[in-house]
Amino acid sequence: MNQEQLAKVAKGQGFIAALDQSGGSTPKALKLYGIEESAYSGEAQMFDLVHAMRARIVTSPAFSGQRVLGAILFEMTMDREFGGLPAAEYLWKKKGVVPFLKVDKGLAAAADGVQLMKPNPGLDELLKRARAKGIFGTKMRSVIDEANQKGIDAVLDQQFEVGLQIFNAGLMPIIEPEVSIKSPDKAKIEDLLVAGLLKRLDALPAGTSVMLKLTLPEVAGKFDALVKHPKVTRVVALSGGYSRADSNAILAKNKGVIASFSRALTEGLTAQMSDAEFDKALDAAIESIYQASLT
């Protein structure tokens, strides 16, 4: 594991940009960016357009390691280039931004109030490719909709099992059990989730560490024990559908937690903007999320 990158992620001031929209979420991301589905035909064109959007973000002068600690990439993005260099190499060598990779294959059907990750038999090979390309860490997402102990245990057991596999492959795992912001049981889910996380963190082998990516909590300070846990490198928060303004306001109340926003980062950016307009809007977005991540 790259120790310079580890130090930056663990102790640096800033946030992690989530640029990992995959097949299912890409049309929505493009629509918010001002590109309707009628503007492209087929997946190849769709992924070319979303890569152009991501490239515009990371090559902007507003986007650098001074405020952005890391960026999470989609697998196809890892295999492409930014500014004439392989994506991960560009992020680290040109921008000082630590590269992460989304490694899950999407969500399984709902059961027991949750959605587990789909099976991922090719993970070991993907992790080898990722390391060879200069990726530092990974991210994988599950979803919790109900305060169902059985379902929450299943999510956490799966996340920690795969997380250990990733750590043993030499990469830093970001464990992401997302809690739906639409759930009427959100606060209760978070009680169960924190208890389950602490139990599994305590059981990790000596020398193991993980990152946690969690939905912004209902109660400020809910993640304090996780932030302080010796086996947690960093706790980051997803926006989960909250607006940027709301996300920043909630985040600022949670000391030690930093942002890892996707939609809240790109909110208001459009393909129709001039480069000057785009850079100005992106700079304002990055600054607001950076400031909220400092508390």
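Tutor: A residue is buried when its relative accessible area is under 20%, exposed when over 50%, and partly exposed in between (1.4 Å probe, protein chains only). The model is predicted: local features need pLDDT of at least 70 and side-chain atom pairs count only at pLDDT 80 or more, while totals for chains, interfaces and linings use all residues. Residues are numbered from 1 along each chain as its sequence is written, and side-chain values use heavy atoms, with hydrogens and water left out.

Student: Is S60 buried or exposed, and what is its relative accessible area?

Tutor: S60 sits in the loop between α3 and β2 (68-73); helices (H or I, at least four residues) and strands (E, at least two) are DSSP runs, numbered from the N terminus. Contact here means heavy atoms within 4.5 Å. Residues up to four places away in sequence aside, S60 touches K95, D279 and L282. S60 counts as buried, its relative accessible area being 3%.

Student: How many helices and strands does the chain have, and what is its radius of gyration?

Tutor: The chain holds 12 helices and 11 strands. For 295 residues the globule rule gives 19 Å, and the chain comes close to this, so it is as compact as a globular protein of that length. That rule is 2.2 Å times the number of residues to the power 0.38, and the radius is taken over C-alpha atoms. The radius of gyration is 18 Å.

Student: Among contacts with a separation of 6 or more, what percentage joins residues 24 or more positions apart?

Tutor: F261 and A18 illustrate such a separation, being 243 residues apart along the chain with C-alpha atoms 5.5 Å apart. Over the chain, residues 24 or more positions apart account for a share of those contacts of 73%.

Student: How far apart are the mean positions of the positive and negative charges?

Tutor: Lys and Arg count as positive and Asp and Glu as negative, with His and the chain ends not counted. Each charge is placed at NZ of Lys, CZ of Arg, CG of Asp or CD of Glu. For the 36 positive and 34 negative charges, the mean positions are separated by 4 Å.

Student: What is the distance between the end C-alpha atoms of helix α3?

Tutor: Helix α3 covers residues 42-58, and its buried residues include M46, F47, V50 and H51. The expected span is 1.5 Å times one less than the number of residues.

Student: Which residues outside its sequence neighbourhood does P27 contact?

Tutor: P27 is part of helix α2 (residues 26-32). Its C-alpha atom is 8.8 Å from that of V50, 23 residues away in sequence. With neighbours within four places left aside, P27 contacts E37, Y40 and M46.

Student: Why is the phi of D112 worth a remark, and what is its value?

Tutor: Most residues other than glycine have a negative phi. D112 lies in the loop between β5 (98-102) and β6 (114-115), and it counts as partly exposed at 35% relative accessibility. D112 is not a glycine, yet its phi is positive, at about 55°.

Student: What is the relative accessible area of F261?

Tutor: F261 occupies the loop between β11 (257-259) and α11 (263-266). Beyond four places in sequence, its contacts include I16, A17, A18, L216 and I289. F261 is buried, with a relative accessible area of 0%.

Student: What relative accessibility does G207 have?

Tutor: G207 is in the loop between α8 (186-202) and β9 (210-215). Its C-alpha atom lies 7.9 Å from that of K231, 24 residues along the chain. G207 counts as exposed, with a relative accessibility of 68%.
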